[in-house]
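Reader: Can you walk me through this one? I have the sequence and the model open.

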Amino acid sequence: MKTKKIQMGYYQITINNNIYTVEQNFDLFDNGWQIEIEDEIIDIASTLKQAKQVIQEVEDKQKGNNEKNKI
């Protein structure tokens, strides 16, 4: 997982050739982070660390689905 800070409150996270955007959203009750891939919001998290965990879980799930499809 590679994390690149684009600007304050805006990060690009790359994992397995997938690029996620994590942006702090001050409209959320906890000023949390929204996680996007291909301009689609897929989840939110309270902290940047949690956002990275969510991305890892998405990738792990996707990897598991891809392995099941090979069988």
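Author: A term to start with: two strands pair if DSSP finds at least two bridges between them. Helices (H or I, at least four residues) and strands (E, at least two) are DSSP runs, numbered from the N terminus. This is a predicted model, where local features need pLDDT of at least 70, side-chain atom pairs count only at pLDDT 80 or more, and totals for chains, interfaces and linings use all residues. Residues are numbered from 1 along each chain as its sequence is written, and side-chain values use heavy atoms, with hydrogens and water left out.

Reader: Fine. Which residue in β3 is the bridge partner of Ile15?

Author: Asn18. Strands β2 (residues 10-15) and β3 (residues 18-24) run antiparallel and are joined by six bridges. Their hairpin has two residues between the strands, and Asn16 takes a positive phi there, near 50 degrees.

Reader: And how many bridges join β3 to β4?

Author: Five, again antiparallel, with β4 covering residues 33-37. Val22 stands opposite Ile35 of β4.

Reader: Trp33 next. Buried or exposed?

Author: Trp33 counts as buried because its relative accessibility is 10%; buried means under 20% relative accessible area, exposed over 50%, partly exposed in between (1.4 Å probe, protein chains only). Trp33 sits in strand β4. From Met8, Trp33 is 25 residues away in sequence and 12 Å away in space, C-alpha to C-alpha.
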